[in-house]
Amino acid sequence: MVSAILFYLFALMILGGAVLMVTRRNAVHAALWLVVTLLGVAGVFLLRSAEFLFVVQIMLYIGGVVLLILFVIMLVNLDAEARQPRFHRQWLLALACAVVVGAEIVYVLLSGLEAFRLAPAVTAVQTGGSTERLADVLFSEYLLPFEIASILLLVAIVGSVVMAKKRI
Amino acid sequence: MAGVPLAWYLILSAILFALGIAGFLFRRNLITMFMSIELMLNAVNLSFVAFSYKFGRVDGQIFTFFVMVVAAAEAAVGLAIILAVFRTRKTLAVDEIDSLKY
């Protein structure tokens, strides 16, 4: 019961934050509403017993990515932008595309979960916490992707420094 | 125990993804479009975690972890590109960044 109420609360945070993020004219306001959405997603992670991802979501997304976005918003001068129309010229085409994608997702959801042919649910092996199991699998089965991800981050660091330099 | 069924998580994820698409297609500010991409990534993460809980396996959480890593890398490079575009064009409106179009 409590988890259902919390789910509705987090869903309201996610959807309300997302709608306001898309529609706000001021980029800083949009970034702050993005924080609300990301907090809601973090809450849903906690409800689905993904405690590690809850912490990573808050530290990496809200503390890292949104902070970076806010820094960039303050580095570029958006005052002139704020007075111009919010939506661009091809908004009719954009509306058609968004409606088509939304209708497609609704159709798939309406055709039911059976249409996906899911494998039968495995009974959860509840030994230790979720984070412990995550670490076990991450550092055994997914060790190679983990190392590749670290190389990707290194490339991103070097690349962003090169891109942001005054003279490229 | 289950409380909220899996389908509701999927519907929430779908609505969030559609909102991300709408934001990406409608807005003309490059930074807001970038934030819409983050919305879509989060919608996919929601689905992954919901399925992971449903099947009692942590693979979905690991995929979410990798998506977050890629999103962080994308944020660093993407925002550097946005800064470079702003420095040369003095604007972030996508209508006016069209030299590849013609």
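A salt bridge is taken here as a side-chain nitrogen of Lys or Arg within 4 Å of a carboxyl oxygen of Asp or Glu. The structure holds two salt bridges over all chains. The structure is a predicted model, in which local features need pLDDT of at least 70 and side-chain atom pairs count only at pLDDT 80 or more, while totals for chains, interfaces and linings use all residues. Residues are numbered from 1 along each chain as its sequence is written, chains are lettered from A in the order in which they are written, and side-chain values use heavy atoms, with hydrogens and water left out.

One salt bridge joins B:E96 to B:R28, with the closest N and O atoms 3.8 Å apart. B:E96 lies in the segment after α3 of chain B and B:R28 in the loop between α1 and α2 of chain B, so the pair ties together parts that are 68 residues apart in sequence. Helices and strands are DSSP runs (helices H or I, at least four residues; strands E, at least two), numbered from the N terminus. Accessibility is classed as buried under 20% relative accessible area, exposed over 50% and partly exposed in between (1.4 Å probe, protein chains only). B:E96 is partly exposed at 39%, whereas B:R28 is buried at 7%. A salt bridge is also found between the side chains of B:R57 and B:D59, at 3.3 Å from N to O. B:R57 is partly exposed, with a relative accessibility of 43%, and B:D59 is buried, with 16%.

Between chain B and chain A the count of salt bridges is zero. The area buried between the two chains is about 6900 Å², of which carbon and sulfur atoms give 77%; buried area is the accessible area (1.4 Å probe) that two parts lose on being put together, summed over both. On the side of chain B that touches chain A, α1 (6–26), α2 (30–55) and α3 (59–89) of chain B each supply at least two residues. The largest share, 24 residues, comes from α3(B). By class, this side of chain B has 52 nonpolar, ten polar and nine charged residues. In this classification Ala, Val, Leu, Ile, Met, Phe, Trp, Tyr, Cys and Pro count as nonpolar, Asp, Glu, Lys and Arg as charged, and the others, Gly among them, as polar. In terms of contacts (heavy atoms within 4.5 Å), 71 residues of chain B meet 82 residues of chain A.

Six residue pairs are in polar contact across the interface of chain B and chain A, both residues being at pLDDT 80 or more. A polar contact is a pair of N or O atoms within 3.5 Å; within protein, one must be able to donate a hydrogen and the other to accept it, and residues adjacent in sequence count only if both atoms are side-chain atoms. The side chain of A:Q57 makes a polar contact with the side chain of B:N42 at 2.9 Å. A polar atom of the A:Q57 side chain also lies 3.2 Å from the backbone oxygen of A:L38. A:Q57 is placed in helix α3 (residues 51–75) of chain A and is buried, at 0% relative accessibility.

Chain A contains seven helices and zero strands. Of its 168 residues, 32% are buried.
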